[in-house]
Amino acid sequence: MNLYSYILRRLLYVIPVLLGVCFLIFIIFNVVAPDPAYLLLGRHATIEQIATLHRELGIDRPFWEQYLAVVKTAFTFDFGYSWSSKQQIWEMIKAGAGPSLSITVPLFVITNTIAISIALLVSFYRGKFIDKAVLLISIAMMSISSLAYILFGQYFFAYKLGLFEISGYEPGFPHFIPYVILPIILYVAISWGPDTRFYRSVILDEVYQDYVRTARAKGVGELSIMFKHVLKNAMIPILTYVIIQIPFLILGLLLAEAFFSIPGLGGITIKAINTSDFPVIKAMTILSAVGFIIFGVITDVLYTVVDPRMRLK
Amino acid sequence: MKMRNILLVMTMVITTLLTGCAKKQDASERVLNIVSPAEIKGFDPIMADDLYSGREIGKIYEGLLAYHWLKVPYELVPNLAEAMPEVSKDGITYTFKLRKGVVFQDDAAFPNGKGREVEASDFVYSIKRLADSKSQANGWWILDGKLKGLNEWRDKNEKLPVTNYAEEVEGLRAVDKYTLEFKLAKPFPQFLYALAMGFTSVVSKEVVEKYGKEFINHPVGTGPYILPKFDQGKRITYTKNPTFREKFYPSDASPELKGLLGDAGKRLPLVDKIVVHVMVESQPAWLKFNKGELDYYSIPKDNFASAIKNNTLAPDLSAKGINLIIAPQLDLTYTGFNFDNKLFHNVKLRRAMALAFDEAKSNELFYNNTSFSAQGPVPPGIAGNIKDYKNPYKGPNLEAAKKMLAEAGYPDGKGLPEILYDIPDSTTSRQSGEFFQKQMEQIGIKIKISASPWPEFQAKLKKRGGQMFGLAWGADYPDAENFLQLFYGPNSSPGSNSTNYNNPEFNKQFEAAVMMQDSPARTAAYEKLNKFLAEEVVVIFNMHRQAYTLQQGWLKNYHNSDLSHDSYQYLDLDTAKKEEMLKKF
Amino acid sequence: MTTATETMNLTVPKKQKASKSLWQHAFSTIVKDKLACTALIVVAIYFFIALMTFLGIIANDWGATVGPSYAEPSADYIFGTDIFGRSVFLKMIKGAETAVAIGLVTSAISLVIGTTLGALAGYFGGLIDELVVWFYTTFSSIPFIMLLVAIAFIMGKGTSTVFISLGVTSWVGLCRIVRGEVMKHKDREYSQAASALGAGHLRKIFKHILPNISHVLIINFSLTFESAIKAEVILSYLGLGVQGRPSWGTMIDDSKLELARGVWWQLGAATLAMFIIVLAFNILGDALRDALDPKLKGK
């Protein structure tokens, strides 16, 4: 099979997965979720108003029509309007993406840089004191709840020490910087541990390969083995791991956005859940599912470009 | 390792620099910083049915009437109307003269971007918009069935593809440019309160048509503040409306608010800018307030007990000049029965449960003993509440409760099925649910608690599925009718009567009472209904709660007034004092 | 693949013994490792405490008022008291029961779903494999939080919802690994030998293949266990947490407002209790992997 037909086949596979995602979304929000009309119409709702709203929202139509509507949304990305804020959902996503990305992108870059550097360092000194110490610290830091990090970090660093803004956001570069520093620091602290451990094990997997032994036997220096051979080969799983994180960047950080009042997509999602704003929840779900699927395809394709044997699987 | 240290130091330096760069608010600028603990639904007056959206609407939009800022209890005063209306003898026709020279805020929807003068026809349009079934207004209930011909107009247009706003409605007429006439379907004096609510604020047809569905994000009113930009963000910044009419701070006040007359006669609004920080989490709001970055902070009801201990401020807060204000609210918490269950038609069972409930203890646990015991539905501060009345069926009186339960036919709870008790899922609801369960256990009644998220809880009530539930009601307007209607049969679920109580005799007397003009006779009728419901134990009446507000020493003119959603124009800051006091923070 | 699997290949009839020696080896490795040994003891202590509270022997009166509300930690109240004057220490102890229960049930559910689907897909391949892969790809494309909300919609709220939602959302990783492992193993000689001896499909999967990949299951079990304990905090924050009894998640959630008043002991106690068991599980998980995964042996 050549590369192009592989890519094509991989892309076609997106369709059944997307249909499946639509089906799950449909089951969740059109079948089992509580009737949103009561919440949307407030405490003085009348029967007549509820019926009108059902008609307008299209939730009085047969299930198959409702399912088709979900499918249509997923393929056209025409999400329509929010039920609670009446805004166009695309506009909401556009407005929320910036603030979310202003945290997640730096976070992503910093965390991965730190994690890969530390992983390289400790696999160089594997089994020595520094390796064990770093592992222990990373495990220890992973063992604390992210909510505890946020509560404590906000109280101590922002309030007690006054180093950072307590909460808030100002759109536009560079105004947002003071507001995102603390959340980024906290989340780097939360997430460098698992990343470092993953990269370390990936690198160690390579270190024990036969070719490394051969290279060493040939008298190649440790440093050059590390960078020329090990890192090069470990790049595939590392890249996969990095790329698959990308679609999640746009979703933002649910907890951090709530606590630091950042107007991002995480906050939009939470708000939508609390107000039963189903079109927004559906849009966010579809968006992230599509992102996840597409980046899944990208990693698969990259894999096969690097290692053609994978194509056959 | 050295490299790492250097990097660390560098990061620290950069961090400090950047933080230092953050726009520090100039203390001399008169900016009011407040918090909204809930997301704002948007700026369409006809949709703003929750407290927090209502407060945002009130900064921009205005209606014919408003509440006097310094009068307790609430008193209606003309706002966009020149004076209070002329009411015909039969209580049917209300004629308003409009204030002249009121203009809409400048917006691109108007020719040359200049806001035009408000006319009577704008009110006609705004109210029709509220009635238009296509706008799905949350506030329609306040006029449902109230104005002559308006319901017919609504029903007729529902079927048309485009609502015909040109068609005349008998009960809603612009007599001339500055005269507006309402004709009611039947006498209903509470109608005036509807005109002080955000729902009936005046909007301009040009703006609504220009922005269409997006109108909700482009508010253009007549009020003291404008919103240059709204992006559903977490920070909403209002600035003074440059074309706001001449309006002045009131110079008369109720005795208890005489202290707030310092700014009497000054032109409104008093502060240049209002910044609303949307903070759904309590911790950041609380910390920000403690840092002096917010001017006042109303503590969410769920957090009273954990936020403030013994109703006194911690010494470090009082040292900063922060005050705690505890003020009565027009609300009622109750434990309801769903009368669709025949079980609860047994009045003795209801009385037995009410007698077993120790409300004083629950007040102590959840509200620091600051709530008032509710004897009946009508809270103190409005006509219909009976001073010094003691409901004979209020606990805790276990002896009487057990006796009553036996009389009801369930001695020691024998023969009584387990009763399902629905509550929303907040921490406080959960705890008070467990408390209720324990109380009922004492006389042998078994309660099963079921907590659901708010949307689901709401749906359960509206579908009439449950047995018992815990609920609170906050007044829409200061009239006993708003509380008594909670038990009016035709309002049954999905209306506001979640108990589905339907007593023809009560319905009849209620209908008669609400048609009466404010008078001693009406007060007597309200009191009679109040007492009737109390002794019927139509629900277990719990409490009338109070509001907790923390206020910085430099904030002027603040007092808690739940119904005045336009209060911001009266607030002021003592900037010199703020600068001085901030040194202590 | 290194020697361990080859020994297994050679000893088909006495497979049981061969895998035991792997386990024995693992056990002796862990006992030798002081850190892992301590972690094992810590986990055992937590399980013991959980069992004791479950049986009502200790911390049964956690709901009782023992002092004023929000008393600071002192000799009388080890970790202070909460809003109702209950002992934070007892709540923390009682919380261990909730945490262990969540960990166990969640990992059990994810183990059952993940192993079954993974083994079926890997073993039978073809259409079944396609279906299972399609299902978990679809499932994992939907953000975790939406699934949690959905399960809360269906089941209402309560402790069982917490168990099920965490279990149902955490099986995908395991399923993937099991599928891959089973694929590798089904063509190995020992399993071919088993079919030559007339073993049926199910017997082959459960009797022959799964025991050979049990180390994967064990490692995954310990991972799911600790991440479930951590996830419970987020569920509590979303209002989907455990009801009617204390949990570390609700304690941390309660401290949202308390901390600003300077009441740090609920947050502190719950974080500490959670920190120790999650740390122990992580260390144990690492040690198990080192001991059980032949590929990593000797590193």
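I start with B:Pro73, which sits in the loop between strand 2 (65-67) and strand 3 (76-78) of chain B, where helices (H or I, at least four residues) and strands (E, at least two) are DSSP runs numbered from the N terminus. Before I go on, please keep in mind that this is a predicted model, in which local features need pLDDT of at least 70 and side-chain atom pairs count only at pLDDT 80 or more, while totals for chains, interfaces and linings use all residues. Residues are numbered from 1 along each chain as its sequence is written, chains are lettered from A and ligands numbered from 1 in the order in which they are written, and side-chain values use heavy atoms, with hydrogens and water left out.

What is the form of the peptide bond from B:Val72 to B:Pro73? That bond is cis, with omega near -10°. The peptide bond from B:Ser493 to B:Pro494 is cis as well, with omega near 5°, and B:Pro494 is found in the loop between helix 15 (481-484) and helix 16 (504-514) of chain B.

B:Gln136 belongs to the loop between helix 3 (120-131) and helix 4 (150-159) of chain B. Is B:Gln136 buried or exposed? With a relative accessible area of 7%, B:Gln136 is buried, a word that here means under 20% relative accessible area, with exposed meaning over 50% and partly exposed in between (1.4 Å probe, protein chains only). B:Asn557 also has a positive phi, of about 70°, although it is not a glycine, and B:Asn557 is placed in the loop between strand 20 (555-556) and strand 21 (572-573) of chain B. At 6% relative accessibility, B:Asn557 counts as buried.

Let me turn to chain A. How many helices and strands are there in chain A? There are 15 helices and zero strands, and the C-alpha trace of chain A spans about 85 × 60 × 35 Å along its principal axes. Of the 313 residues in chain A, 57% are buried. If we take the contacts in chain A with a separation of 6 or more, 74% of them are between residues 24 or more positions apart, where contact means heavy atoms within 4.5 Å.

Next comes the interface of chain B and chain A, in which 55 residues of chain B and 53 residues of chain A take part in the contact. The area buried between these two chains is about 4,800 Å², and carbon and sulfur atoms give 55% of it; buried area is the accessible area (1.4 Å probe) that two parts lose on being put together, summed over both. Two salt bridges are found across the interface of chain B and chain A, a salt bridge being a side-chain nitrogen of Lys or Arg within 4 Å of a carboxyl oxygen of Asp or Glu. A:Arg55 forms a salt bridge with B:Glu158, and the closest N and O atoms of that pair are 3.3 Å apart.

Which element of chain B gives the largest share of the side of chain B that touches chain A? That is helix 14 of chain B, with six residues. By class, this side of chain B divides into 19 nonpolar, 14 polar and 22 charged residues, where Ala, Val, Leu, Ile, Met, Phe, Trp, Tyr, Cys and Pro count as nonpolar, Asp, Glu, Lys and Arg as charged, and the others, Gly among them, as polar.

Finally, I come to chain B and chain C, whose contact takes 22 residues from chain B and 18 residues from chain C. The area buried between chain B and chain C is about 1,700 Å², with carbon and sulfur atoms giving 54%, and the count of salt bridges between chain B and chain C is zero. On the side of chain B that touches chain C, the elements giving two or more residues are helix 7 (282-290), helix 8 (304-307), helix 11 (359-367) and helix 13 (427-441) of chain B. Helix 7 of chain B gives the most to that side, with five residues, and the side as a whole has nine nonpolar, seven polar and six charged residues.
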